[in-house]
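Below are my notes on the model, as numbered points.

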Amino acid sequence: MELIQDTSRPPLEYVKGVPLIKYFAEALGPLQSFRARPDDLLISTYPKSGTTWVSQILDMIYQGGDLEKCHRAPIFMRVPFLEFKVPGIPSGMETLKDTPAPRLLKTHLPLALLPQTLLDQKVKNPKREIRKILEFVGRSLPEETVDLMVQHTSFKEMKKNPMANYTTVPQEFMDHSISPFMRKGMTGDWKTTFTVAQNERFDADYAEKMAGCSLSFRSEL
């Protein structure tokens, strides 16, 4: 008797504790070679939480509200689904090859499974983030002022700025000779400071004091 594989309900595979459709898990390997561009916009959401709606809104914004342009292709072609992979259908990475800049991208992956290049992009383009904040608060500033903000809000500049680095706090409350408030600006650098034993003690103490709390924090990339 020949068994026909049911591609509509493939088995789940766990990747770093995250359950993924088997084919999506297979797509993670090629996805690691993904290279983000400065003008990429990533739509990162939970499944069934309005992703397609937001994708359509953003594509309409990018196309200046031109409905004809927004009908140029299905939404999954206009906004590639990065981890998408199903036999017989172009994967998200394959669709991405034909997507012109500026690109809209979609993912349901948690941060721990995203390519490092996407995580780095947030740091590499601070000017774009500052513009987003200006837009959010309904303010506008001259271009030269934005450039000045980019320069003076860099980690390097803020680390040496006494008005930002907490060195004006009395030493009895914060002794920077032991550990400066602004250390390296790197997620996960605790690994170079804590020993394994110290980290185990911290985790145990944290679990005891935060019992019942549903908040989850990222301590590494």
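1. Tyr-62 is partly exposed, at a relative accessible area of 31%. Here buried means under 20% relative accessible area, exposed over 50%, and partly exposed in between (1.4 Å probe, protein chains only). Tyr-62 belongs to helix 2 (residues 51-62); helices (H or I, at least four residues) and strands (E, at least two) are DSSP runs, numbered from the N terminus.

2. On the basis of the notes: this is a predicted model, in which local features need pLDDT of at least 70 and side-chain atom pairs count only at pLDDT 80 or more, while totals for chains, interfaces and linings use all residues. Residues are numbered from 1 along each chain as its sequence is written, and side-chain values use heavy atoms, with hydrogens and water left out.

3. The whole structure holds 12 salt bridges (a side-chain nitrogen of Lys or Arg within 4 Å of a carboxyl oxygen of Asp or Glu). One of them pairs Asp-40 with Arg-103, with the closest N and O atoms 2.8 Å apart. Asp-40 is in the loop between helix 1 (22-31) and strand 3 (41-44), and Arg-103 is in the loop between helix 5 (92-96) and strand 4 (104-107), so the pair ties together parts that are 63 residues apart in sequence. Both residues, Asp-40 and Arg-103, are buried.

4. Asp-59 and Arg-72 form a salt bridge, the closest N and O atoms being 3.0 Å apart. It links helix 2, which holds Asp-59, to the loop between helix 3 (67-70) and helix 4 (75-78), which holds Arg-72. Asp-59 is buried at 1% relative accessibility, whereas Arg-72 is partly exposed at 44%.

5. Glu-143 in helix 8 (residues 143-152) and Lys-127 in helix 7 (residues 126-136) are 16 residues apart in sequence, and their side chains form a salt bridge (2.6 Å, N to O). Shared partners join Lys-127, Arg-131, Glu-143 and Asp-147 into one salt-bridge network.

6. What does Leu-96 touch, not counting residues up to four places away in sequence? Its contacts (heavy atoms within 4.5 Å) are Phe-34, Pro-80, Leu-82, Arg-103 and Leu-105. Leu-96 is buried, with a relative accessible area of 6%.
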